[in-house]
Amino acid sequence: MVQTGQFYQGSMLLQPLCDVIGLPIDHINFLASFIIAFSSGILMRKALPAGRERTTQRHVLELTLGLALGYFCFGYQLLHLVLYATLPYLLVLYGPRRSYHSLVFFVAFAYIVIMHSYRLYYDYGGFSLDVTGPMMLMTQKVTSVAFSLHDGMDVPDVTLSEDQRKNCIRKKPSMLMYYSYMFSFHDIMSGPLVFYDDYLSFIDGSSTKVPPPNKEKNHNNKAREPSPNAAMVETSLVAIVTGVLMLLTPIYFPISTMADDTFLYKTNIIYRNLYMIIAVSLHRSKYYFAWKLGELSNLGAGLGFRGYDEEGKEKWDLLTNISIWKLETSTSLKVFIDSWNLNTVVWLRRVIYERAPPSVKTMAVFACSSVWHGLYPGYYVTFVSTALAVMAARKMRRNVRHHFQTSEAKRIFYDSVTFIATRLAGGYLMSPFCLLEFTASIKLLISVGFHIHILSAGALICFLFINSSQKKS
């Protein structure tokens, strides 16, 4: 019988399927919840289409079904999600006007740290489904609402950036609107993050009322209604491919091999680096698969429309959380990082990067991102190392790149070198994130000579001290 962690609290209704399909019950429940959410989203889009006169019914449906799916997958742990959403809402309503947004941030992060700690205790190294997954998404939601509300109600417009002014919230959300947003049934399991104003535009239908550039009309002389069908087909194909890769990766390139003594001490350094690049790249397929399922679930409900391009083609990429091609072919660490977990990058920029002191912006983002992901030591090895590498890559690009832009041949050479360097750095930096364990991560980095750390430190020393001294003289 296929088992999952003994602490899994979700429904056991589908347990008989485990032996047939060969997946643990938490995985079965996750897939079942996706099927229910996707089907329900399509039914809602057809039977209860978006419109201002139907906002209350749509909010009620979103909240009710979201809570039901949460209970199906997490059992009594759903209470944590309810409490996690309620505490920030109370702070927004009754907290001090000058600092309630900061209090929401600290309360949200304190709560999720406690939950991550508890997970380490009861399921260390495990991957069973638990409430910390949707809680990570809810962290983004409660903090983004609090900061946007602060921008819209408590800060003069002249002090806001263009992005802050565009996304600020001018009115406190009602209880129904707030909890509907927090427990939306088509993104409660795996997101991706949708910001509050985009969610309300989806509920009342205003998001799809944008006319195309060519003002195309149908036979009734009405603007054509955007359809997510083409985007759903494309997203489904990507989900299938990444799902197959997810299943094959543990068979042919298991992450655990990188912690094996035979791999560390009886293979050559070139093989170890190549294995890290391939294994880590393929390991990303499980994230691609989960995000594409989440994106597909939202598309089924009609959430994801982002207007039209210059040719009048519909854009359904509002909730696209990963640019796979851009990431896998990136020629810089910045593009590599910016192409991964796109909506989280936006959240980190809006909530942390734009509000932190200039001298600690980058480190603040990596620190908060580390805590948000969890408390496994491997996460911190990855994020600290990546922060160092990103700062070094910025200095290198600023001081070196322009020398290779004088001819096409030089540009091609530069892009080829940076492509290989980014692949090498990506495998190196993300390996601890995959291994989780501190000792295993350090042993692996030692086995390849800490080369990215040494090169990054060398670049920083060169361009921060040696090169700057030469410029002054």
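Trainee: Is asparagine 341 buried or exposed, and what's its relative accessible area?
Mentor: Asparagine 341 is buried, with a relative accessible area of 8%. Keep in mind that we're looking at a predicted model.

Trainee: Okay. Where is asparagine 341 in the chain?
Mentor: You'll find asparagine 341 in the loop between helix H15 (333-338) and helix H16 (342-353).

Trainee: And what about phi of asparagine 341?
Mentor: Phi there is near 50°, a positive value, and asparagine 341 isn't a glycine. Phenylalanine 450 has a positive phi too, about 50°, and that residue isn't a glycine either.

Trainee: Which loop holds phenylalanine 450?
Mentor: The one between helix H20 (438-447) and helix H21 (451-472).

Trainee: Switching topic: what domains does the assignment give?
Mentor: It gives domain 1 (11-209) and domain 2 (323-472). Their C-alpha centres lie 30 Å apart.

Trainee: How many residues from each domain take part in the contact?
Mentor: Domain 1 puts in 26 residues and domain 2 puts in 20 residues. The area buried between the two is about 2000 Å², and carbon and sulfur atoms give 62% of that.

Trainee: Now the inside. Which residues touch the most other members of the largest nonpolar core?
Mentor: That core has 81 residues, and the ones touching the most other members are Met138, Tyr181, Met182, Phe183, Trp347 and Ile352.

Trainee: Which helix gives the largest share of this core?
Mentor: Helix H6 (residues 132-154), with nine residues. The core also draws at least three residues from each of domain 1 (11-209) and domain 2 (323-472).

Trainee: Let's zoom in on isoleucine 352. What is isoleucine 352 in contact with?
Mentor: If you skip neighbours within four places in sequence, isoleucine 352 is in contact with Phe105, Trp347, Ala364, Val365 and Cys368.

Trainee: On to rings. How many aromatic pairs does the structure hold?
Mentor: There are 32 aromatic pairs. Take tyrosine 84 and tyrosine 111: that pair is edge-to-face, 5.2 Å centre to centre, with 90° between the planes.

Trainee: Where do tyrosine 84 and tyrosine 111 lie?
Mentor: Tyrosine 84 is in helix H4 (residues 78-94) and tyrosine 111 is in helix H5 (residues 100-122). They're 27 residues apart, and the pair links distant parts of the chain. Both tyrosine 84 and tyrosine 111 are buried.

Trainee: Why is the pair of tyrosine 287 and tryptophan 291 called tilted?
Mentor: Because their planes are at 40°, and tilted covers what falls between stacked, under 30 degrees, and edge-to-face, over 60. The ring centres are 6.1 Å apart. Tyrosine 287 and tryptophan 291 sit four residues apart in helix H13 (residues 285-301), about one turn of the helix.

Trainee: Are those two buried or partly exposed?
Mentor: Tyrosine 287 is partly exposed, with a relative accessible area of 25%, while tryptophan 291 counts as buried at 12%.

Trainee: Which residues do ring pairs link into a cluster?
Mentor: Phe105, Phe106, Phe109, Phe147, Trp347 and Trp372.

Trainee: And which lysine lies over the face of tyrosine 181?
Mentor: Lysine 141, at 4.8 Å from the ring centre. Over at tyrosine 353, the charged end of lysine 361 sits over the ring, 5.0 Å from its centre.

Trainee: Last one: where is histidine 283?
Mentor: Histidine 283 lies in helix H12 (residues 269-283), and at 15% relative accessibility it counts as buried. Leaving aside neighbours within four places in sequence, histidine 283 is in contact with Thr249, Ile255 and Cys434.

How values were computed:
Residues numbered from 1 in each chain as written. Predicted model: local features only at pLDDT ≥ 70, side-chain atom pairs only at ≥ 80, totals over all residues. Heavy atoms only, no water. Helix = DSSP H or I, 4+ residues; strand = E, 2+ residues; numbered from the N terminus. Buried < 20%, exposed > 50% of the residue type's maximum accessible area, 1.4 Å probe, protein only. Contact = heavy atoms within 4.5 Å. Phe/Tyr/Trp six-rings, centres within 6.5 Å; stacked < 30°, edge-to-face > 60°. Lys NZ or Arg CZ within 6 Å of the ring centre and 35° of its normal. Core = buried A, V, L, I, M, F, W, Y, C linked by side-chain atoms within 4.5 Å. Domains from an automatic or database assignment. Buried area = accessible area lost by both parts, 1.4 Å probe.
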